[in-house]
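Q: Please take one part of this model and look at it closely. I would like the residues placed and then tied to their surroundings.

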Amino acid sequence: MSKIYESAAAALDGLLQDNMLIASGGFGLCGIPELLLKAIKDSGVKDLTFASNNAGVDDFGIGILLQTKQVRKMMSSYVGENAEFMRQYLSGELEIEFNPQGTLAERMRAGGAGIPGFYTKTGVGTQVAEGKEHKEFDGQTYILERGIFADLSIVKAWKADETGNAIFRKTARNFNPPAAMCGKVCVMEVEEIVPVGSLDPDNIHLPGVYVHRLVQGEHEKRIEQRTVREA
């Protein structure tokens, strides 16, 4: 059965409902599943929880869903570039579960590997550790973090074959693979779908076994902070 769908909306058909936990790939503005996020916005589902490194910017990435008040909670490690994200958080309209960046990535990877929890030193002695189990190993204190098991994963890859074996480009690789792994269903948008056998197995970043649906599309190439050298 083919994994390839004709549009982002078609790829998400039958998967969306209110109150979902969605793991979304992307790092800054790199590797954001923009077509799937727009389709989620257009579907009208609400009270969503997103596990994502950040929420993009106001008019791009998860930011478009914040504008329409479709997001109830963010599980993130960075807020800084999105004014609406910050405004909703400070006004109490949006719940945020802050995670150290590496912890968030590992929580996703752990969920994808079927690991319900793990201990880490990151966050010990800070607000991150409040309410979490503490345990000592070899005289050092660690806190228990839970793996993330999402209802749906949405990610973006540079290139994938027809079975979903995928390659990510540069910074886009940071969160997309673990986000893809932790969902019950993973929908991936790609810049290019190639025939099976076209990709070198040694270059595969995400095995197709994690990917359930694929859609190819045109993508915008944004730069989060444009900096140039003095002439």
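What does Met 86 count as, by its relative accessibility?

A: Met 86 counts as partly exposed, because its relative accessibility is 43% (buried is under 20%, exposed over 50%, partly exposed in between; 1.4 Å probe, protein chains only). The model is predicted: local features need pLDDT of at least 70, side-chain atom pairs 80 or more, while totals for chains, interfaces and linings use all residues. Numbering runs from 1 along each chain, and side-chain values use heavy atoms, without hydrogens or water.

Start with the patch. Met 86 sits in helix α4 (helices are DSSP runs of H or I, at least four residues; strands are E, at least two; both numbered from the N terminus). Met 86 belongs to a nonpolar surface patch, together with Tyr 89, Leu 90 and Phe 98. The accessible area of these residues together is about 410 Å² (Shrake-Rupley, 1.4 Å probe, only the protein chains shown as cover). Patch members have over 30% relative accessible area and no salt bridge; nonpolar side chains (Val, Leu, Ile, Met, Phe, Trp, Tyr) are joined within 5 Å, like charges within 9 Å. Which element gives the most to the patch? Helix α4, residues 83–90, does, with three residues.

Now follow the chain to Phe 98. This patch member falls within strand β5, which spans residues 95–98. Glu 95 lies in that strand too. Glu 95 is partly exposed, because its relative accessible area is 40%.

Glu 95 has a salt bridge with Arg 72 (a Lys or Arg side-chain nitrogen within 4 Å of an Asp or Glu carboxyl oxygen). Their closest N and O atoms are 3.6 Å apart. Arg 72 lies in strand β4, residues 71–76, so to speak across the sequence: the pair is 23 residues apart and links distant parts of the chain. Arg 72 counts as partly exposed, because its relative accessibility is 36%.

Lys 73 also meets Glu 95 in a salt bridge, at 3.8 Å from N to O. Lys 73 is in strand β4 and Glu 95 in strand β5, so this pair ties together parts 22 residues apart in sequence. Is Lys 73 buried or exposed? Lys 73 is buried, because its relative accessible area is 16%.

Helix α5 holds another pair. Glu 106 and Arg 109 form a salt bridge, with their closest N and O atoms 2.9 Å apart. The two are three residues apart in helix α5, residues 101–112, so about one helical turn separates them. Glu 106 is partly exposed, because its relative accessible area is 26%. Arg 109 is partly exposed as well, because its value is 34%.

Across the model, the count comes to 14 salt bridges.

One more helix deserves a look. Helix α2 covers residues 34–43. Its buried residues are Glu 34, Leu 36, Leu 37, Ala 39 and Ile 40. Gly 44 follows α2, and the phi of Gly 44 is positive, near 85°.
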